[in-house]
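Here is a short briefing to read alongside the sequence and the 3D view. Points are grouped by topic.

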Amino acid sequence: MYRNLEEHNRLVNKYLKIFFVVALYWCTSILTVFVNKHLLSSDAVNLGAPLFMSWYQCVVSTIICFAMSRLSRKYPSVFTFPEGNPLDIDTFRKLLPLTVLYTLMIGANNLSLAYVTVAFYYIGRSLTTVFSVVLTYLILRQRTSFKCLVCCATIVLGFWMGVDQESLTQSFSWRGTIFGVLSSLALAMYSIQTKKSLGYVNQEIWLLSYYNNLYSTVLFLPLIILNGELGTILAYPHLWAPWFWAAMTLSGFCGFAIGFVTALEIKVTSPLTHNISGTAKACAQTVIATQYYNDVRSAIWWVSNIVVLVASAAYTRVKQLEMAQQHQQRNAATLKA
């Protein structure tokens with residue numbers, strides 16, 4: 001009886017831990033999107049410099065990683081952070097291609113959010129899965145099953161429906177939509193390149209994040225100038241207001257927290273559960289955005305969201321089943337050998 005009670009309590013604690021971690025991911029991710037949107041285009045802030053905001057987010061993340069690195073050396077029993085030297089020239093040269101993709105991904109993401117509504121934000125960036133399939137074939141020469149291709153075709157259909165319906169509203173922006181597609185492409189390329197780059201940092205994800213953010217602070221500077229944001233920043237009326245830098249710092253902390261809670265959710269659940277959680281979170285985020293901004297949408301617009309969400313979840317499930325089947329086949333072949 002006591003043993004059954006103890007096992008029951010362990011199971012309850014496990015489920016509670018999963019629930020709180022998933023809830024933390026949802027809250028952090030949704031908060032980040034709304035904070036960034038508020039900084040970029042609200043009447044109170046209206047910064048109008050998305051690449052500058054991206055640069056500052058990287059600065060905050062770099063400072064946090066640097067502080068954690070130093071604290072782990074001084075208090076190793078309390079803080080843990082992998083050892084590494086971001087100023088090593090050989091490391092910089094090897095990671096530069098990945099950092100370029102990382103910079104483009106963050107920059108295009110915030111440029112998209114500056115022009116589109118939060119409600120349309122998920123649809124505008126929904127082609128990551130499709131680009132991943134295409135790039136996996138072009139770069140790695142790995143074929144994708146017919147079921148996965150059907151899911152990808154359905155995602156494209158949902159994306160097209162969403163763009164078509166959004167174009168009927170006054171808030172539609174082709175520029176924001178194009179930046180959303182570019183962000184999806186950069187994310188897909190970044191995911192593929194990450195597998196190779198992790199080998200340069202002993203498979204340490206946090207070390208890779210530290211280096212990427214530090215190097216991106218340099219790469220963003222010429223992009224800020226080329227995008228004409230330097231004059232916008234200098235002419236910004238609230239540039240020296242404490243509340244403005246507090247909001248910018250909060251955005252930077254949110255950007256860093258996203259990486260942490262994402263890794264935490266994958267650790268306590270699984271990559272499949274994380275993908276499903278992200279899909280469900282996107283649905284909740286869209287509903288919250290329409291209510292918060294009083295956006296009235298057509299039935300077909302809502303259908304486009306449902307099509308993308310269901311197709312993305314179906315793709316994740318199909319890939320999980322295929323991976324499980326391949327694992328069983330390998331085990332069977334090993335036993336026969």
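**Helical spans and selected residues**

Residues 119–139 are 86% helix and 0% strand, with end C-alpha atoms 33 Å apart. The model is predicted. UniProt, in an unreviewed entry, lists 119–139 as a "transmembrane region".

**Annotated spans**
- The UniProt entry also gives the feature "transmembrane region" to other stretches, including 15–35, 47–67 and 174–192.
- Residues 47–67 are 86% helix and 0% strand, and their end C-alpha atoms lie 28 Å apart.

- Tyrosine 137 sits in helix 5, residues 128–140.
- Its relative accessibility is 34%, so tyrosine 137 counts as partly exposed.

**Helix 7**
- Helix 7 covers residues 174–197, 24 residues in total.
- From first to last C-alpha it reaches 33 Å, close to the 34 Å expected at 1.5 Å a residue.
- Its buried residues include Gly176, Gly180, Ser184, Ala188 and Tyr190.
- The buried residues of helix 7 pack against helix 3 (89–115), helix 4 (118–124), helix 5, helix 6 (146–166) and helix 8 (205–226).

**Threonine 286**
- Threonine 286 belongs to helix 11, residues 271–292.
- Its relative accessible area is 3%, so threonine 286 is buried; the cut-off for buried is under 20%.
- Beyond residues up to four places away in sequence, threonine 286 touches Ala119, Tyr122, Trp301, Trp302 and Asn305.
- Glutamate 265 is 21 residues from threonine 286 in sequence and 21 Å away in space, C-alpha to C-alpha.

Methods
Residues numbered from 1 in each chain as written. Predicted model: local features only at pLDDT ≥ 70, side-chain atom pairs only at ≥ 80, totals over all residues. Heavy atoms only, no water. UniProt positions renumbered as here; feature names shortened; annotations may be inferred. Helix = DSSP H or I, 4+ residues; strand = E, 2+ residues; numbered from the N terminus. Buried < 20%, exposed > 50% of the residue type's maximum accessible area, 1.4 Å probe, protein only. Expected span 1.5 Å × (residues − 1). Contact = heavy atoms within 4.5 Å.
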